[in-house]
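Hello,

Here is the structure for your files. My notes follow below it.

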Amino acid sequence: MTAERRNLTAPAEVRAEGDTVTMRGYAYRFNELSHNLGGFVERILPGAGKRSLEAHDVFATFNHDNNNVLGRRSAGTLRLGEDDAGGWYEIDLPNTTVGRDLAELLKRGDINGSSFTFRVNENGQRRASADDPASGLPVREITSMDVVEVGPVLNPAYPTTDAALRAIELCLGITLEMEIESETEELAEVEKGEEPEAEEAPAESEAKKNARALFRALTERGSH
């Protein structure tokens with residue numbers, strides 16, 4: 001599954017105990033709809049990342065830069081988990097240039113965002129039964145994911161996703177029910193060994209192609 005990134009604008013807490021400076025923030029919050037991700041919105045359901053946060057060797061960086069490592073679960077310098085609000089993380093900032101500078105920026109309030117990198121597990125996504133009432137866009141629900149990386153970011157502009165992922169998930173406001181019905185009929189014909197009937201029609205729009213791509217992604221990758 002392609003890696004995805006999501007950002008959250010929320011202030012982090014900073015505290016100092018002796019020579020150790022610790023920051024704590026949320027990488028994601030439950031049941032909050034994202035901004036428009038290119039024709040659909042998204043929410044993360046409670047428990048989606050719990051097993052991953054507790055079992056995997058997640059690491060923390062600043063601005064998703066592997067040269068700016070801040071902590072790692074296996075080293076005990078990064079602690080993670082889920083509570084009623086969402087997925088939280090806590091980092092003992094390193095006594096490095098990046099760590100010291102970040103601590104100062106956090107204290108000043110110049111850094112106020114967090115981000116995380118994740119992969120959706122098999123059967124770990126689905127389309128919600130109801131679209132977003134505010135925008136009318138379809139809602140993608142994440143029910144199970146592997147969290148790979150967390151950490152503070154300077155500019156938490158939402159969304160940030162890999163180009164490859166966006167290519168298959170864009171739906172650009174197209175009503176997917178029509179696309180799903182058409183796609184289902186074509187799949188049924190193929191299963192019977194029949195060739196789908198060719199129809200003379202104007203060239204399919206890019207938006208319609210993207211809607212079909214989203215449908216395939218959500219069905220073939222186990223989102224029911």
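Beyond its neighbours within four places in sequence, Glu90 is in contact (heavy atoms within 4.5 Å) with Arg15, Thr22, Met23, Arg24, Thr77, Leu78 and Arg79. With Arg15 there is also a side-chain polar contact of 3.1 Å. That term means a pair of N or O atoms within 3.5 Å; within protein, one must be able to donate a hydrogen and the other to accept it, and residues adjacent in sequence count only if both atoms are side-chain atoms. Glu90 is buried, at 11% relative accessible area (buried is under 20%, with a 1.4 Å probe and protein chains only). Glu90 belongs to strand β8, residues 86-93 (strands are DSSP E runs of at least two residues, helices H or I runs of at least four, numbered from the N terminus).

A caution on sources: this is a predicted model, where local features need pLDDT of at least 70 and side-chain atom pairs count only at pLDDT 80 or more, while totals for chains, interfaces and linings use all residues. Residues are numbered from 1 along each chain as its sequence is written, and side-chain values use heavy atoms, leaving out hydrogens and water.

Now the sheet. Five strands form an open, mixed sheet in the order β1-β9-β12-β5-β6 (strands pair if DSSP finds at least two bridges between them). β1 (4-9) and β6 (65-72) are the edges; each has a single partner strand, so one side of each lacks a neighbour in the sheet. β1 runs antiparallel to β9 (residues 113-120), joined by six bridges. Glu4 stands opposite Phe118 in β9.

Regards

How values were computed:
Buried means under 20% relative accessible area, exposed over 50%, partly exposed in between (1.4 Å probe, protein chains only).
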